[in-house]
Amino acid sequence: MKNIEEILASLGITVPEDKATELTKLVAENYKTISEHEKRVQALEGERDGFKEKYETAQKTISGFEEMDIDGVQKELGEYKKKVEEMEAEHKKALHERDFSDALKNEIANIKFSSEAAKKSIMAEVQAAGLTLVDGKIMGFNDFIANCKAKDASAFVDEQTENLQNNKASFTRPMNNNNNTSTKASMTEQIRSAMGLKPEKGE
């Protein structure tokens, strides 16, 4: 490709040496070659195509939002959030019921009931009473049991009465045959002696 000096020379125009540099500078500042222009055009076209693609993508996205039922989406999100909250609440409730049941079994093990039915009935009342569980302990449990005993003493075993019955059973327990024979002979001898009778033969 010819530069500006060569073009001018071909036209019979000679540029002085002291002006050649300035001429080249002025031409470069004010004019572009065809190849430079084409490169610039190609770059601009590339940028244009890029912007066009982004614009078309944005338009499709906007169109999708316009077709979307925003109220429906918001409703679904609200329902999903509600379900998650319900699941969390049920999980916490299940954990509390398990821990409360374990604590109740430990507490109830120290109490004597008149029957298994009475025990189950009292346990059901404790579970329904809404007592608070703190660090594995049921708050107010002893007071609740005391009230139950006051209302229905027959559901519980009276330990004092039980101890008296056990002692009575032990006191009246039959002696073995040898002891019975010896005791009877001793009593007979005492009776005969009190009546002034002589001991029977063989005694």
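Predicted model: local features only at pLDDT ≥ 70, side-chain atom pairs only at ≥ 80, totals over all residues.
Residues are numbered from 1 along each chain as its sequence is written, and side-chain values use heavy atoms, with hydrogens and water left out.

Let me begin with the overall layout. The protein has eight helices and two strands, where helices (H or I, at least four residues) and strands (E, at least two) are DSSP runs numbered from the N terminus. Read from the N terminus, the order of elements is α-α-α-α-α-β-β-α-α-α. Of the 203 residues in the protein, 11% are buried; by buried I mean under 20% relative accessible area, by exposed over 50%, and by partly exposed anything in between, with a 1.4 Å probe and protein chains only. The protein exposes about 17500 Å², and carbon and sulfur atoms supply 53% of that area, as computed by the Shrake-Rupley method with a 1.4 Å probe, where for residues only the protein chains shown count as cover. If we take the contacts with a separation of 6 or more, residues 24 or more positions apart account for 48% of them, a contact being heavy atoms within 4.5 Å.

Now to helix α4, which covers residues 70-108. This helix has 39 residues and spans 56 Å from its first C-alpha to its last, close to the 57 Å expected at 1.5 Å a residue; the expected span is 1.5 Å times one less than the number of residues. Which residues of α4 are buried? They are Gly-72, Phe-100, Ala-103, Leu-104, Glu-107 and Ile-108, and what covers the buried residues of this helix includes α5 (116-128), β1, β2 and α6 (141-151). As a reminder, an α-helix has 3.6 residues a turn, so residues three or four places apart point the same way.

Leaving aside neighbours within four places in sequence, Glu-107 is in contact with Lys-137, Ile-138 and Phe-141. The C-alpha atoms of Glu-107 and Ile-138 are 8.3 Å apart, although the two residues are separated by 31 residues along the chain.

What does Val-126 touch, leaving aside its neighbours within four places in sequence? Its contacts are Phe-100, Leu-104, Leu-131, Phe-141, Phe-144 and Ile-145.

Ile-122, in helix α5, is buried because its relative accessibility is 6%. Not counting residues up to four places away in sequence, Ile-122 touches Phe-113, Ile-145, Cys-148 and Phe-156, and its C-alpha is 8.3 Å from that of Ile-145, 23 residues apart along the chain.

On the surface, Phe-65, Met-68, Ile-70, Val-73 and Leu-77 form a nonpolar patch with about 450 Å² of accessible area together. Patches are made of residues with over 30% relative accessible area and no salt bridge, with like charges joined within 9 Å and nonpolar side chains (Val, Leu, Ile, Met, Phe, Trp, Tyr) within 5 Å. Helix α4 gives the most to the patch, with three residues. Val-73 lies in that helix, and it counts as partly exposed because its relative accessibility is 32%.

The structure also holds two salt bridges, each being a side-chain nitrogen of Lys or Arg within 4 Å of a carboxyl oxygen of Asp or Glu. In one, Asp-49 pairs with Arg-48, with the closest N and O atoms 3.1 Å apart; in the other, Arg-98 pairs with Asp-99 at 3.0 Å between the closest N and O atoms. Arg-98, at 48% relative accessibility, is partly exposed, and Asp-99, at 33%, is also partly exposed.

I will end with Asp-135, in the loop between β1 (133-134) and β2 (137-138). Its phi is near 50°, a positive value in a residue other than glycine, and Asp-135 counts as exposed because its relative accessibility is 77%.
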